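User: Can you walk me through this one? I have the sequence and the coordinates open.

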Amino acid sequence: MTDFLNYRHFPVYSVMALFLGGFLIIVLGNKKVLRNILAVLSVSVSLACMLALIKPVMIDGEIITYWLGNRSIAGGYAIGIALEVDALSLFFGLLISTAVFVSCIYSIQYMANDRNVSQYYTLFLMLSGGVIGLVLSGDIFNMFIMVEILTFAAVALTAFRNEAFGALEAAFKYLVVGCMGSTCILTGTIMLYAQAHTLNFAQLSALIPGNITTSGKIAFALLIVGFATKAFLVPFHPLAADAHGAAPAPVSVLISGVLTKSGIYGIIRLTYFLFQTISQSSFRLLLVTVGSVSMFVCVTMALAQHDFKRLLAFHSISQIGYVLTAVGLCSALGFSAGIYHAMNHTLFKGLLFLTAGAVLHETGTTNLDDLGGLSKKMPFTTALFLIGAFSISGIPPFNGFASKWMIYQACYQKAVETGHFGYLLVTIICLVTSILTLASFVKVSQSVFFGRLPEKYEGVKEVPFGMRFAMGIFAVLCIVTGLFPDLVGKYLTHPASAAAFNANAYIDAAFGEGYASSMLGPFASAAQDVVFDTAGVWSPVSWLILMMIALIAVTIAAVSGKYEKCSAAPEEVTDPKHELFFGGEKNRFSQVGGSDLFWGFKYNWRHYFSGMHDLHSGVLNDYALWAVVALALAMFFMLIVL
């Protein structure tokens, strides 16, 4: 019994609890109460196992290697599937298990009136187990298996409400391009195995660096593109909008806050561990460029949206762009800021998708042009939405402010250290993206929660307690992680950052002390002392800059709107006393719709938005072609640079 409760077994328990729960629900889930208990119990056990590992892994610095069966060595190569948990994988495991737990709580009442709810929970737990299994896996082929599980579960959940407009189309697009990404990962894995004769991630990390053959370069390109599809980075971002728009709100939380992190995690493991190319300036510039383009393109796409969930989907990829940009800097501050923002993104974007789900649950629509004034009927949801909006926009004291400020600082420091103008440009792009993000959420606030309440929504009421409770968890975490960045750094991001810069420890944990140095030779990298620097987070200067950003955003919203929209009020309502303020014009109702607030801005940028409109055709063949072109460019880059 004592051995059963040994914390070294907890990684496999965390994965098994989710898959076992999904199996039991499909077998025994005819009873509603039993089904709900099994679902909540599964996600609770998984989360508890992850939390229990904070002390041994995050605080004490242990790396847990768990072999499924007996490990054997044949010809110097490891045989057997392993789970390996260092501070980096545990960090992502904590993010995932937290988002899964909150989404499951929300699902109980949100999905209560849907058909085939047992199948929903089975797919929900399969998706969750696949992502947890991926970040805890120490075997690259097992990572591919988990990618397959999570991809097909995500496709099925996207199409779950198949009667909804666009659900089947979105699922089919996701299936095709997602399978292209999975095929890239499988092919890259096969090519690595042909070269190194092992699938163990730690051993591959000891054998590949310094010995990257032509086939290894092609494998690297395949793997990078494969994981980029899971993160929905440009040019794969349209898939996120389609999937988020069609999927139920709790599934949108998983796609945004969980699935995208699996892609980022894969890219980190490839660049910092398996190929160790992050030290090359050209490769750092590649990641920063892709991150910056994703950041800017997706925030401008969000401004053009008329649907609440599609708008949030594009913002999600924009924030993932921040994460990739910061991680790509390959600096202690940059990496710490990047994964801090990854955590914050999971929290505030999870909250925002749940509030969008609450709006859909009560009104039946997420069309920004059709909504308005819901703060009168849904005050609790409105307050939580504002917390999420302030967080994603980088307004203090919410969590997005701290991580964004550190990203600005890391980019600027990199520009100073390298003398490279490009990094200064990246800093500016980060700031501009933050301004546009805030302006976009001014638009959403006005279009959904403020202004005039349409008569057809007079009967709208607040969502049930269970849904409010789930949203409240995310809201509290958005505030707590913003107020105490030093504690977040000490117990979460600092250990994870240190692990990322110490590939040798990861390798030696699986094969014994000194194995990494003996195999890597001159390519062995010494562990770096990673300092989690929060300088400037609470500086009055930073507050002043943020106030200026807020004022600019409000100014954009104020001067860009077309305030002549909506029907005129009846003549008898006109009060002469208002003539002084309205210049003698008849009193008109000013409801700013979702499509009007930024019409002036979009007109001035009409050539850019026209080009974006033409590129985003919605045709699957075009998106598949983008994937092929991205792969070809990645291969060309790897063959030239590595």
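Analyst: We can go through a helix, some aromatic contacts, the pockets and the backbone. This is a predicted model.

User: Fine. How many residues does helix 1 have, and how far does it reach?

Analyst: Helix 1 covers residues 10-28, which is 19 residues. From first C-alpha to last it reaches 25 Å, close to the 27 Å expected at 1.5 Å a residue.

User: Which residues of helix 1 are buried?

Analyst: The buried residues are Phe 10, Pro 11, Val 12, Tyr 13, Ser 14, Val 15, Ala 17, Leu 18, Gly 21, Gly 22 and Ile 25.

User: Now aromatics. How many aromatic pairs are there?

Analyst: The structure holds 28 aromatic pairs. One of them is Phe 10 with Tyr 13: the ring centres are 6.1 Å apart and the planes are at 40°, so the pair is tilted.

User: Where do Phe 10 and Tyr 13 lie relative to each other in the chain?

Analyst: Both are in helix 1, three residues apart, about one turn of the helix. Phe 10 and Tyr 13 are both buried.

User: What about the rings of Phe 401 and Trp 405, stacked or tilted?

Analyst: Tilted, because the planes are at 35° and the stacked class needs an angle under 30 degrees. The centres of the Phe 401 and Trp 405 rings are 6.3 Å apart. These two residues lie four apart in helix 16 (residues 399-418), about one turn of the helix. Phe 401 and Trp 405 are buried.

User: While we're in helix 16, is Tyr 408 buried or exposed?

Analyst: Tyr 408, which is found in helix 16, is buried, with a relative accessible area of 9%.

User: How far is Tyr 408 from Thr 427?

Analyst: They are 19 residues apart in sequence, and their C-alpha atoms are 5.6 Å apart in space.

User: Back to rings. Which residues form an aromatic cluster?

Analyst: Tyr 120, Tyr 121, Phe 124 and Phe 160 form one.

User: And which ring does the charged end of Arg 269 sit over?

Analyst: The ring of Phe 273, with the charged end 4.4 Å from the ring centre. Likewise, the charged end of Arg 468 sits over the ring of Phe 380, 6.0 Å from its centre.

User: How do the residues of the lining of the largest pocket divide by class?

Analyst: There are 16 nonpolar, 12 polar and seven charged residues in the lining of the largest pocket.

User: And the second largest pocket, what is its volume?

Analyst: About 520 Å³. Its lining has 22 residues, with Val 234, Pro 235, Leu 286, Val 290 and Ala 630 closest to the centre. Helix 9 (214-231), helix 12 (281-303) and helix 26 (620-641) each give two or more residues to this lining. Helix 26 gives the most, with eight.

User: What classes of residue are in the lining of the second largest pocket?

Analyst: By class, that lining has 21 nonpolar residues, one polar and no charged.

User: You listed Val 234 and Pro 235. Is the peptide bond between them cis or trans?

Analyst: The bond from Val 234 to Pro 235 is cis, with omega near 15°. Pro 235 is in the loop between helix 9 and helix 10. Another cis peptide bond joins Pro 396 and Pro 397, with omega about 10°. Pro 397 is in the loop between helix 15 (379-392) and helix 16.

User: Why flag those?

Analyst: Because most peptide bonds are trans. Likewise, most residues other than glycine have a negative phi.

User: What phi does Asn 116 have, then?

Analyst: Asn 116 has a positive phi of about 55° although it is not a glycine. Asn 116 lies in the loop between helix 4 (87-110) and helix 5 (117-136), and it is partly exposed at 48% relative accessible area.

User: And Cys 330, buried or exposed?

Analyst: Cys 330 counts as buried, because its relative accessibility is 18% and the cut-off is under 20%. Cys 330 also has a positive phi of about 55° and is found in the loop between helix 13 and helix 14.

Methods. Residues numbered from 1 in each chain as written. Predicted model: local features only at pLDDT ≥ 70, side-chain atom pairs only at ≥ 80, totals over all residues. Heavy atoms only, no water. Expected span 1.5 Å × (residues − 1). Buried < 20%, exposed > 50% of the residue type's maximum accessible area, 1.4 Å probe, protein only. Phe/Tyr/Trp six-rings, centres within 6.5 Å; stacked < 30°, edge-to-face > 60°. Lys NZ or Arg CZ within 6 Å of the ring centre and 35° of its normal. Nonpolar A, V, L, I, M, F, W, Y, C, P; charged D, E, K, R; others polar. 1 Å grid on protein atoms, 1.4 Å probe; cavity = no way out; pocket = protein on both sides within 12 Å on 5 of 7 lines; lining within 4 Å. Points joined across faces, edges and corners; volume = space filled by probe spheres on them.
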